[in-house]
Amino acid sequence: MRLLTHNMLSSNIKGVINGFPLGIVVEKVIEKPVEMNPDFLKNMFAKIEWKALVDASRSMGYTELPEQADSSMLDSVDFLQRFHHALLELHLEEGALVCPETGRKFPVNKGIPNMLLHEDEV
Amino acid sequence: MWYLCVFYHRLLDYRRPEVESLARMFGAFDSEDGGGAEHLEWRIPEHHHPDSPFHFVDLPSEDVARDVANRSILVKGIYELWGEADSYEELEDAIKNYPDERKLPYLTSESTFRITVDSFGKVISFQEQNERIQSLTYIPFKGRVNLRNPEHKFWLMETDDYGANNGLPPVVKKRIFFGREVGSADRKLLPTYQLKSRTYLGPTAMDAEMAFLMANQAMVKPGKLVYDPFVGTGSILIAAAHFGAMTMGADIDIRVVRDGRGPDCNVWSNFKQYGLPMPIGLLRADNNLPPWRPGLKEVFDAIICDPPYGVRAGGRKSGGRKLLKGVVGPYTVPDDKRTDHIPSTAAYSLVECVHDLLDIAAKMLILNGRLVFFYPVLREDESAENHFPEHPCFILVSSSEQILSSRYSRVLLTMVKRGPYTKEIEEAARLKHLEFKENHLKWMEDGNLHSAVFSPGESVCVAEGDTKVSKETKPKYRGKYV
């Protein structure tokens, strides 16, 4: 699971109001190089919850993202590379996503988050 | 400018929409203001039926025509027409009358060229082909012939006037076309991506040709983000990735997306097989209760999918035993079993599935983003033809039918998002969602196709007179089957 996916997901258990951002339990992180596409990154930047991305990348062991970011920084190649690395190259291969409200764990195995709810959570 | 557009004789309903989508993608329409569903201008040759492979299309420039043809799947070629006629004598006049300034730049002595003779609905022997080429001496070709890799490709195409015209209504008159090729489809893609050589397949994997057509309808190009909520083995996203898109997919069946059939036979390995970039994200999620964070909207450039409509594979949604309230008591998972609990799922009716799909697409697509999906139609039901799903955010761009059996067919719907996802639309969708949940069993009966497709036919003998009349009014040719 890349952090782009993490940034889009929330816990949708019935009754949960603040299901975002999901906490990350790390068992195994791998890095997969991806070709950088600056236009795609600039496009995605507007949709990203920055703080959630920073926190998520830290819990995956990557600390190079600035605390704050705004769109003027997209002109910097250095910033784009860090953003690219955090968003698309870090993978949570094994671990779990944790609902911030209930503590319910959504398992991540073989890089696939399992977001399906139990019968009594619907 | 008008071009001759010759199609492969396949998927007839899909041909013009493909050209129109690609023309839009390559900038044939000035702006998005026209509603996203403007059409190109088309003509068909005299005496030809609309299902004929020969069409004329008005495109703004040769560059657009070339880009459209080269990217397409169903365009055999787009040609600058130098002449058309009913006989070879008339053809000579027509070509001679075509302005020299259009012809001479392609006939210069330093260029290379090739002439191909082609026919529709008949076979021309090698000797006859040569005779036809020799008869073109009135065109002042100065260049050298190069059969392998010429700069300019000329085509001489003819149709005959006999009755059994590949299953089409007969063409009344023989017609001959001569033109210069501007571009043509790269059908070599299809053997490369054919399903029979793909490692990981499911029972409803989308065949390569159709997947590419869907990607073209969605105007997929590099850097776009494409989502398939029913990703399965990834067959639709593979086509999108081939055209350079970033892909994302979800499926409710975790065995399909996570495990496949082992380490070298799964969704990832399918992308690897073709050297395509891996999907950006694959997850297990329920289209009925999507886990997208609140406030997330307008992220996908296109959503392309083949929803489970319950004929070959039935849809599932979460809830399972809980929805069978009254049959089994409301189900609670005991605390000690929660970690490894495998939630049961409930059947998902087509109507609800399509409702959810439109709602998600309305929210998650960017403005002018496209939703491309298959929708099943019962063929007996004449009135159903114009009853495609609707949504206030979307307008229908095209609908293309593919007949699957005498009972039902599937229609590829292409929609474009034209309006914002407002609070009111969101609230209406929420209420409808609850309605589906409350009346689960009712919707399972009313909202599904399976029984209509597989139930025994109505007794024919009672109203034989009537059915005969109604059947004969339908055109009886292979048309949409090919």
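The structure is a predicted model, in which local features need pLDDT of at least 70, side-chain atom pairs count only at pLDDT 80 or more, and totals for chains, interfaces and linings use all residues. Residues are numbered from 1 along each chain as its sequence is written, and chains are lettered from A and ligands numbered from 1 in the order in which they are written.

Chain B contains an open sheet of 8 strands with mixed pairing, in the order β2-β3-β1-β4-β8-β7-β5-β6. Strands (E, at least two residues) and helices (H or I, at least four) are DSSP runs numbered from the N terminus, and two strands pair if DSSP finds at least two bridges between them. The edges are formed by β2 (42-43) and β6 (144-145) of chain B; each has a single partner strand, so one side of each lacks a neighbour in the sheet.

Strand β5 (residues 112-120) of chain B pairs with β6(B) in the parallel sense over 2 bridges, and B:Thr112 stands opposite B:Arg144 in β6(B). β5(B) also runs parallel to β7(B), to which 8 bridges join it; there, B:Phe120 has B:Thr159 as its bridge partner. Strand β7 (residues 152-159) of chain B is paired in the antiparallel sense with β8 (residues 175-183) of chain B over 6 bridges, with B:Phe154 opposite B:Arg180 in β8(B).

The contact between the chains takes 27 residues from chain A and 32 residues from chain B, two residues being in contact if their C-beta atoms, placed from the backbone, lie within 7 Å. On the side of chain B that touches chain A, β11(B) gives the most, with 4 residues.
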